[in-house]
Amino acid sequence: MECKTLALAVTVAIAALASANTVSADINLIAIGSINGHYEDLAFDSAAALENGVRGNPLGGLGSGLASAGGNTFLALPDRGPNAQPYDSSIDDTTSYIPRVQSLSLSLVPSPTGAALPYLVSAHLTDTTLLSSLSPLHYGAQVPALNARDHRFYFSGRSDNFAADKSSTNSRNGRLDPEGIRPARDGESFFITDEYGPYVYQFDRRSGVRLRAFALPDKFAVSQLSSKGDDEIASNSSGRIANKGMEGLAITPDGKTLLGIMQSPLAQDGGTGAPYTRLVSIDIRSGRVREYAYELSNIGTASKPKYPTVSEIVAINDHEFLVDERDGKGLGDNSSAAYKRLYRINLTGATDVSQLSGAANLAGKAVAKTPFLDLVAALNAAGISSSDIPAKIEGLAFGPDLERNGMVYHTLFIANDNDFLGTVTDSLHPLGTDNSNQFFVFAVDEASLPGYVPQQFIERGHLHD
């Protein structure tokens with residue numbers, strides 16, 4: 001279902017930053033903005049209270065996935081919904097929140113004379129699209145109420161929505177924890193990755209109806225399913241780690257290939273403390289799959305692992321990508337951010353590891369990787385303390401190019417997942433602090449991003465980016 005009303009205008013506040021906002025001579029922070037974490041989205045038909053008492057349409061988690069859909073249009077992807085309120089530990093406090101995509105208009109406008117930053121961000125929420133299937137789905141104890149009215153089957157964030165006699169990648173399972181999103185070349189549909197399966201699905205952009213499910217190799221699935229993530233981890237010796245499935249998604253500029261990345265290594269590759277997670281390349285037309293290894297940098301030691309995670313991947317061109325590797329520390333975790341970095345990877349000459357298993361066999365097979373941006377250092381330099389840097393910086397998207405002082409810059413939008421919590425109160429913020437949906441916008445000059453090609457879209461017979 002696609003819910004349309006008058007656009008909700010949101011003024012994005014730009015923090016007053018000191019002039020020390022320069023990360024390097026070539027990659028500069030040009031704007032920081034936020035959308036209030038207490039707003040509601042446009043899916044008013046889903047607004048009835050969830051099992052935990054939270055309204056069903058909070059405008060939160062926008063940075064779980066972020067994608068440019070051309071021009072100033074962006075698609076923002078919340079995950080499985082608000083589950084921070086304890087109410088039923090047997091399902092990890094998940095609810096029947098219907099996964100959805102938020103369509104945003106995000107644009108940079110010149111700041112007033114004398115402002116610390118050169119631009120302001122203007123944001124408008126234009127659509128909320130609920131995700132559904134025309135084929136029946138397996139549910140647990142709670143069936144989405146909108147099913148009966150709309151004669152379709154809505155996906156749900158509840159962890160008990162699965163068929164116990166099938167693997168976790170069964171496409172009829174009703175549970176969905178979307179984490180990565182990229183629009184298709186035609187602009188009429190989009191692709192989503194998920195943590196529960198993991199799944200890679202294609203949805204119609206207008207209706208939110210699923211169009212296609214891509215088959216992933218069996219190695220990514222778990223066979224013993226549970227509504228409790230810890231029980232799934234304990235019961236399976238192979239497959240994705242619960243809540244650490246396919247977290248990021250990229251699409252090549254020509255729209256022909258998807259590249260998904262697992263948040264953490266598979267169980268048979270060593271699990272969360274292991275050094276290599278997997279990239280999955282999917283040929284969209286044929287569905288053919290290849291796999292590559294990505295070596296985690298913030299791994300720590302065997303005796304004291306740091307359990308690093310990957311949250312996003314975005315295409316630079318058809319063989320190079322930016323990867324967001326981060327810790328789970330910062331605002332929302334009652335801790336201070338320490339490690340949130342972007343790396344540039346190159347698949348040229350990379351080894352297909354489809355037939356390999358185990359960390360020892362993946363050693364020496366990882367894709368080439370070089371540092372690109374240290375986000376903690378960048379935001380610290382902007383006057384943001386490490387305890388106020390969002391714990392979950394998960395969304396990456398290139399925006400429209402920017403011309404300034406005769407130079408062309410590529411804009412990189414970085415967003416957070418605020419876990420649907422508009423305010424955080426903890427030992428570091430005893431009086432409470434705003435926990436909004438945030439956008440960090442960087443300008444990258446052409447020399448710092450050689451080979452960059454924007455995604456191409458076909459619209460009414462014309463090609464544009």
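1. The largest pocket of this predicted model has a volume of about 910 Å³. Its lining comprises 38 residues, and those closest to its centre are Arg-80, Asn-243, Arg-326, Lys-392 and Asp-419. By class, the lining of the largest pocket divides into 16 charged, 11 polar and 11 nonpolar residues. Helix H2, residues 229-235, gives the most to this lining, with three residues.

2. Cavities form a separate item. The count comes to two cavities of 30 Å³ or more. About 70 Å³ of space lies in the largest cavity, which is lined by 14 residues. Nearest the centre of the largest cavity lie Tyr-196, Gly-229, Glu-232, Ala-242 and Asn-243.

3. Eight of the 10 residues of strand S24, residues 407-416, are buried, so the strand is largely enclosed by the rest of the structure. Strand S22 (residues 393-398) is joined to S24 by five bridges, and the two run antiparallel. Within that pairing, Leu-396 stands opposite Ile-414 in S24. S24 also pairs with strand S27 (residues 437-445), in the antiparallel sense and over seven bridges. Ile-414 stands opposite Phe-440 in S27, so that Ile-414 is named in both pairings.5. Strand S23 (residues 402-404) and S24 pair in the antiparallel sense over three bridges. The bridge partner of Leu-402 is Tyr-409 in S24. S23 and S24 form a hairpin with two residues between them. In the turn, Asn-405 has a positive phi of about 55 degrees.

4. Four strands form an open sheet in the order S18-S19-S20-S21, with antiparallel pairing. Strand S18 (309-315) and strand S21 (368-374) stand at the edges, each with a single partner strand, so one side of each is left without a neighbour in the sheet. Neighbouring strands of this sheet are turned by 30 degrees against each other on average, direction ignored. S18 is joined to strand S19 (residues 320-326) by six bridges, the two running antiparallel. Ile-313 stands opposite Val-323 in S19.

5. Another open sheet of four strands has the order S14-S15-S16-S17, and its pairing is antiparallel. Its edge strands are strand S14 (246-251) and strand S17 (289-295), each of which pairs on one side only. From one strand to the next, the twist averages 25 degrees. Five bridges join S14 to strand S15 (residues 257-262), and these two strands run antiparallel. In S15, Ile-261 is the bridge partner of Gly-248.

6. The count of aromatic pairs comes to nine. Phe-155 and Tyr-201 form a tilted pair, at 5.9 Å centre to centre and with 35 degrees between the planes. Phe-155 lies in the loop between strand S9 (153-154) and strand S10 (178-183) and Tyr-201 in strand S12 (residues 200-204), so the pair ties together parts that are 46 residues apart in sequence. Both Phe-155 and Tyr-201 are buried. Ring pairs also link Phe-155, Phe-190, Tyr-199, Tyr-201 and Phe-203 into a cluster.

7. Which parts of the chain does the pair of Phe-398 and Tyr-452 link? The two rings form a tilted aromatic pair, 4.7 Å centre to centre, with 50 degrees between the planes. Phe-398 lies in strand S22 and Tyr-452 in the loop between S27 and strand S28 (457-459), and the pair links these distant parts of the chain, 54 residues apart. Phe-398 is buried, with a relative accessible area of 7%. Tyr-452 has a relative accessible area of 14% and is buried as well.

Terms used
Residues are numbered from 1 along each chain as its sequence is written. This is a predicted model: local features need pLDDT of at least 70, side-chain atom pairs count only at pLDDT 80 or more; totals for chains, interfaces and linings use all residues. Side-chain values use heavy atoms; hydrogens and water are left out. On a 1 Å grid over the protein atoms alone, a cavity is a set of points where a 1.4 Å probe fits but cannot get out, and a pocket is an open set with protein on both sides within 12 Å along at least five of seven lines; lining residues have an atom within 4 Å of a point. Grid points are joined across faces, edges and corners, and a volume is the space filled by probe spheres set on the points. Ala, Val, Leu, Ile, Met, Phe, Trp, Tyr, Cys and Pro count as nonpolar, Asp, Glu, Lys and Arg as charged, and the others, Gly among them, as polar. Buried means under 20% relative accessible area, exposed over 50%, partly exposed in between (1.4 Å probe, protein chains only). Two strands pair if DSSP finds at least two bridges between them. Axes are lines fitted to C-alpha atoms, for helices over the stretch in contact, and angles run from 0 to 180 degrees between N-to-C directions. Rings of Phe, Tyr and Trp (its six-membered ring) pair if their centres lie within 6.5 Å; planes under 30 degrees apart count as stacked, over 60 as edge-to-face and the rest as tilted.
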